[in-house]
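Opening my notebook on this one. I want to jot down what I looked up, in the order I got to it.

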Amino acid sequence: PRSLRVTIFDLETSCSKRDSIRLHVHPTPTAFISSNALEICSGDSTLLTATGGVRFQWSTGDTTASIYVKEEGIYSVVVFNEFGCSDSTSVTLTVHPNPDITISGNTSFCSEQAATITLSGAVSYVWSNGNRTSTLSTSIPGNYSVTCTSNYGCQSIISIPLTLSTVQATLSGNFTYCQGSQTGLEVDRD
């Protein structure tokens with residue numbers, strides 16, 4: 001506690017009075033926000049934790065010490081100590097988009113050929129068959145999944161079905177003919 005001497009002077013009467021009072025100065029808290037990440041990927045969330053006080057008021061309306069957030073923006077908190085003194089601070093959360101993948105190539109292929117699929121929109125690709133390039137060339141039909149990662153570490157997982165096309169046809173006509181003559185054959189697509 002500190003003592004303060006005060007002199008009160010009345011201008012109309014020219015009277016004065018002296019008094020002393022005791023002031024109690026309470027410390028101001030220091031607000032701080034910690035987080036496991038201030039840059040996240042779309043769809044993820046992060047934990048913000050405020051310290052420095054015993055009571056908290058977040059810009060989101062929350063009054064707990066920790067909150068989960070997933071929207072990009074500025075998050076602020078006012079912390080109060082046991083005397084009601086306050087301090088505030090804020091952090092900015094950045095949300096990066098997941099990669100937007102473009103698929104080019106033919107997902108249907110004929111026997112004894114290969115399907116070639118090329119992806120773009122990410123910086124790294126990991127296919128379900130172990131391939132680690134943006135292009136997959138295979139003659140084996142099936143569902144192929146690929147994890148595509150952006151330069152921020154955000155991921156999109158897509159599945160690409162590769163199908164084997166076959167030609168269904170029946171030949172009909174006269175299969176027997178003499179040398180030097182012609183015959184007619186018909187192709188009936190099933």
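I started with Y125 and found that its bridge partner in β15 is C148. The two strands involved, β13 and β15, run antiparallel to each other over 4 bridges. I count strands as paired if DSSP finds at least two bridges between them, and a strand is a DSSP run of E with at least two residues, numbered from the N terminus.

A note on the source before I go on: this is a predicted model, where local features need pLDDT of at least 70 and side-chain atom pairs count only at pLDDT 80 or more, while totals for chains, interfaces and linings use all residues. Residues are numbered from 1 along each chain as its sequence is written, and side-chain values use heavy atoms, with hydrogens and water left out.

Next I looked up the sheet around that pair. The sheet is open, has 4 strands in the order β11-β16-β15-β13, and its pairing is mixed. At its edges sit β11 (108-110) and β13 (124-127), each pairing on one side only. On average, neighbouring strands here are turned by 30° against each other, direction ignored; the angles are taken between lines fitted to C-alpha atoms, in N-to-C directions, on a scale from 0 to 180 degrees.

Back to C148: is it buried or exposed? C148 is buried, at 0% relative accessible area. My cut-offs are under 20% for buried, over 50% for exposed and partly exposed in between, with a 1.4 Å probe and protein chains only. The closest cysteine sulfur to that of C148 belongs to C154 and is 13 Å away, too far for a bond.

Then I searched the whole structure for disulfides (cysteine sulfur atoms within 2.5 Å) and got 1. It joins C41 to C154, with S to S at 2.1 Å. These cysteines are 113 residues apart: C41 is in strand β4 (residues 39-41), and C154 is in the loop between β15 (142-149) and β16 (155-165). The torsion about the S-S bond is about -90°, so I logged the disulfide as left-handed. C41 is buried at 11%, and C154 is buried at 0%. I also checked C15, which is partly exposed at 46%.

Last entry: T138, in strand β14 (residues 135-138). T138 is buried at 10% relative accessibility. Beyond its neighbours within four places in sequence, T138 is in contact (heavy atoms within 4.5 Å) with F109, A114, A115, Y144 and L162.
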